[in-house]
Amino acid sequence: MSSKLLSVLTVFIIVSVAYTRPNQKHGIFFDEDNNPSYVFPTRYIAGTIGWVSDELVNHQKAYILGWIYTDYSINTQLIEEVFNKNTTYGSEFYNLGIRSDSHLFYPDIGYYYYSNYTGSYCEKSPSGLFGQYQFDSSTYIGIAIKDGISCYQFSSCFPPPLAKTCIDFYVSTATERPVSMVVPNILKYFDGSVVNYITFEEVESFEEDFFDVPPFCPTQ
């Protein structure tokens, strides 16, 4: 798979630079001006549904059922995805026989791996970046209705040269749990994506080998 297309598969889940999360409480917090910020749990599991549109799927919306496993104490994240086959039909992604894939991120490296009818494959990702652990009050936009839910809306921008490209993040005002993350068009071959959080659970720990690199991934 070309490095450009691998970049497409990777970029839609990147929010900003990777952080090591300090040991602090999570949820919505208000500053002295009553503006909210949101802090993710140190460890969490999220079940998601959404879509991504890029060159690899012929710029159509490919719908995805996913799971996100994150441990900020070791700055590591695993994202597993299952694609709606019908929404990738006729694309290069479909022709490669990919129906599901995984992204594994460490602080300084990432891996993208999948299996199809010819075997299992793994490549190093062009970046080890993954989602930031908080949206501070400076990113707060206001109250918004997202999919019928009253939410705090935050907007976090990429560093230069993409400084004017911002990701919208929505947190329920009632439950203080994430509702949705919307990534805009970033590059000419990436049209954007949406991640809707269906379940969101804080966990105390993961198994010791949970984030291990699969044995078929490159070691060098």
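Q: Is C151 buried or exposed in this predicted model?
A: Buried means under 20% relative accessible area, exposed over 50%, and partly exposed in between, with a 1.4 Å probe and protein chains only. C151 has a relative accessible area of 0%. That value is under 20%, so C151 is buried.

Q: What limits apply to the values and numbering used here?
A: In this predicted model, local features need pLDDT of at least 70 and side-chain atom pairs count only at pLDDT 80 or more, while totals for chains, interfaces and linings use all residues. Residues are numbered from 1 along each chain as its sequence is written, and side-chain values use heavy atoms, with hydrogens and water left out.

Q: How many disulfides does the rule give?
A: A disulfide is a pair of cysteine sulfur atoms within 2.5 Å. C122 and C217 have their sulfur atoms 2.0 Å apart, and C157 and C166 are joined with an S to S distance of 1.9 Å. With bonded cysteines counted along the chain, the pattern is 1-4, 2-3. The count is 2.

Q: How many residues apart in sequence are the parts that C122 and C217 tie together?
A: The sulfur atoms of C122 and C217 form a disulfide. Strands (E, at least two residues) and helices (H or I, at least four) are DSSP runs, numbered from the N terminus. C122 lies in strand β8 (residues 119-124), and C217 lies in the segment after β14 (190-202). The pair therefore ties together parts that are apart in sequence by 95 residues.

Q: Which hand does the disulfide of C122 and C217 have?
A: C122 is buried at 14% relative accessibility, and C217 is buried at 6%. The torsion about their S-S bond is about 95°. The disulfide is therefore right-handed.

Q: Are C157 and C166 buried or partly exposed?
A: The link of C157 and C166 is right-handed, with 70° about the S-S bond. C157 has a relative accessible area of 35%, and C166 has 23% relative accessibility. Both values lie between the two cut-offs, so C157 and C166 count as partly exposed.

Q: Which residue in β9 is the bridge partner of V39?
A: Strand β2 (residues 36-39) and β9 run antiparallel and are joined by 2 bridges. The partner of V39 in β9 is Q134.

How values were computed. Pairing = 2+ DSSP bridges.
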